[in-house]
Amino acid sequence: MTDFFIKMNEDYAQKHFPDHSVFEGTMKTVKRRSVGGLIVFGLFFAAALYGLVWGIGRTLQLMTNGEDDMLSVGLVICGFFGIIVLICLLVLIFLIKGSRQKRSDYIANSAKQSKLPVHEIEEFERQAMASDCYILKLTAGLDRMLSNATNKDGLLTRDYIYLADPAQTVMRIDSLKACCFSDYTYYLNTGNRHKKIHCLAICLIASNGVSVLSDTTEEAGQALIALLQQRNSAIDTNGGNVLPENAFDSYKKKMLEAQ
């Protein structure tokens, strides 16, 4: 188990949570990503705006020269660049809005997504900095590098589990109804072929209806299931079997109806 989960220590806390706050660390990660996104989409916006101005100028020139047969081409060009400008503008507004959020906003959003009161999210943060908190390293290699999680590692405190999903979901361990493996797929372009890739995820379902899925290796997932069962023996593991793709919703419904 020590290969996948280690106890919280000062070095790790200083590196990932220098302000001793999970959500402060998340906020800084999101802001770093937002800066990169602002630069990229800012360049796209500038290029598209230049294209739109050029297209409008060219269309007006065609109108002046009486080249009515070419006006439709000019309008198509203007429309194309206009759509790109609008999309980039909306993305830039979204990124700017996200970069202005405060720690309290992240906590409030987490509480909403987790269906827990704010004081429980704050208690999770306090427990996350304690020496008995487990750092969950569920992925490795390329899966870890490509993860969209705000923090590459999850956290298991005395009372809560957090897998650092984009929604910042926090769950009470004593409210967990299920923890099992689930299969999902995506397609990879390989030349003229589309290759179907199967991936393994660990899924958690809480009694309040909240659920979360996170990529995992089989070994790390088994270790997490065993650790959670030690704390909550009522957790269903689907008999250790992997849920087939698209079977998660029906499994979740069954778990919640069994309450």
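Are Y12 and F17 buried or exposed? In this predicted model, both Y12 and F17 are buried.

The protein has an average pLDDT of 84, and 86% of the residues reach at least 70. Among the elements of the protein, the highest mean pLDDT, 97, belongs to strand β5, while the lowest, 54, belongs to helix α6 (residues 141-146). Where pLDDT is low, the predicted coordinates should not be read in detail.

Five strands make up an open sheet, in the order β1-β2-β3-β4-β5 and with antiparallel pairing. At its edges are β1 (5-7) and β5 (170-172), each of which pairs on one side only. From one strand to the next, the twist averages 25°. Within the sheet, strand β2 (residues 134-136) and strand β3 (residues 154-156) run antiparallel and are joined by three bridges. For anyone tracing the pairing by eye, L136 has G154 in β3 as its bridge partner.

Helix α5 (residues 118-128) lies across β3, β4 (160-162) and β5, and runs at about 85° to β4. Helix α7 (residues 218-231) also packs on the sheet, where it touches β1, β2, β3 and β4. The direction of helix α7 makes about 55° with that of β1.

Turning to the aromatic residues, the count comes to seven aromatic pairs. In one of them, the ring centres of Y12 and F17 are 6.2 Å apart and the ring planes stand at 65°, so this pair is edge-to-face. Another joins F124 and Y160, whose ring centres are 6.3 Å apart with planes at 75°, so this pair too is edge-to-face. Because F124 lies in helix α5 and Y160 in strand β4, their pair ties together parts that are 36 residues apart in sequence.

The side chain of T185 makes a polar contact with the side chain of E245, at 2.6 Å. Leaving aside residues up to four places away in sequence, T185 touches K196, I197, H198 and E245.

Conventions. Residues are numbered from 1 along each chain as its sequence is written. This is a predicted model: local features need pLDDT of at least 70, side-chain atom pairs count only at pLDDT 80 or more; totals for chains, interfaces and linings use all residues. Side-chain values use heavy atoms; hydrogens and water are left out. Two strands pair if DSSP finds at least two bridges between them. Helices (H or I, at least four residues) and strands (E, at least two) are DSSP runs, numbered from the N terminus. Axes are lines fitted to C-alpha atoms, for helices over the stretch in contact, and angles run from 0 to 180 degrees between N-to-C directions. Contact means heavy atoms within 4.5 Å. pLDDT is the predictor's confidence in each residue, from 0 to 100. A polar contact is a pair of N or O atoms within 3.5 Å; within protein, one must be able to donate a hydrogen and the other to accept it, and residues adjacent in sequence count only if both atoms are side-chain atoms. Rings of Phe, Tyr and Trp (its six-membered ring) pair if their centres lie within 6.5 Å; planes under 30 degrees apart count as stacked, over 60 as edge-to-face and the rest as tilted. Buried means under 20% relative accessible area, exposed over 50%, partly exposed in between (1.4 Å probe, protein chains only).
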